[in-house]
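Look over the sequence and the model before reading on.

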Amino acid sequence: MIIQSFAPIAAPDAEILILGSMPGIASLEANQYYAHPRNAFWRIMGELFGAGIELPYAERQDILKSRRIAVWDVLQFCQRVGSLDSNIKDEVPNDFARFFAEHPGIRRIGLNGGKAAKTFYKYAQAALPSAAVAVTLPSTSPAYAAKNFEQKCAEWRAALIE
């Protein structure tokens with residue numbers, strides 16, 4: 001099944017870009033980033049920036065944009081059955097040269113999990129602004145259970161705001 005990612009959540013003055021690989025089934029059905037109820041992304045965004053899951057989706061997006069945080073995916077299209085990154089095939093990356101040109105203030109890139117990191121470095125590293133630093137973060141997916149919420153949150157905090 002061919003699936004497509006969403007448009008980015010991003011204001012022109014964004015300084016931090018958080019990248020996933022490709023939305024899972026729950027997100028695609030809800031037309032929202034990180035919609036799976038057990039995904040820790042919005043819980044972490046609540047802890048770090050006040051954009052928690054208890055708020056309406058539009059308000060969470062507005063909070064992130066006001067904090068100069070953008071959210072997107074590395075891939076624009078792919079084939080995948082289910083939600084697991086390991087099932088992704090026939091990857092087509094997003095246009096990072098254009099994104100970075102339109103968001104010249106990006107200085108930090110948080111890669112949400114191993115697949116996001118692997119595909120970012122494969123397809124987008126050449127477009128990375130010279131002043132930007134990319135860091136691989138523990139996946140917020142419920143499928144990644146090697147670290148608990150507190151550990152994930154601490155690593156995200158260190159990479160994005162400290």
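At what angle do α2 and α6 pack, and how far apart are their axes? The angle is about 55° and the axes are 10 Å apart. This is a predicted model, in which local features need pLDDT of at least 70, side-chain atom pairs count only at pLDDT 80 or more, and totals for chains, interfaces and linings use all residues. Residues are numbered from 1 along each chain as its sequence is written, and side-chain values use heavy atoms, with hydrogens and water left out.

**α2 with α6**
- Helices here are DSSP runs (H or I, at least four residues), numbered from the N terminus.
- Axes are lines fitted to C-alpha atoms over the stretch in contact, and angles run from 0 to 180 degrees between N-to-C directions.
- F41, R43, I44, M45, E47, L48 and F49 of α2 meet F149, K152, C153, W156, R157 and L160 of α6 (heavy atoms within 4.5 Å).
- This contact of α2 with α6 has 9 nonpolar, no polar and 4 charged residues (nonpolar: Ala, Val, Leu, Ile, Met, Phe, Trp, Tyr, Cys and Pro; charged: Asp, Glu, Lys and Arg; polar: the others, Gly among them).

**α2 with α3**
- The axes of α2 (residues 41–49) and α3 (residues 57–66) come within 11 Å and cross at roughly 50°.
- α2 and α3 are therefore oblique too, but their crossing is left-handed.
- W42, M45 and F49 of α2 make the contact with Y57, R60, I63 and L64 of α3.
- By class, the residues of this contact are 6 nonpolar, no polar and 1 charged.

Definitions and conventions
Helices (H or I, at least four residues) and strands (E, at least two) are DSSP runs, numbered from the N terminus. Angles under 35 degrees count as roughly parallel, over 145 as roughly antiparallel, 65 to 115 as roughly perpendicular and the rest as oblique. A crossing is left-handed if the near helix is turned anticlockwise from the far one by less than a right angle, and right-handed if clockwise.
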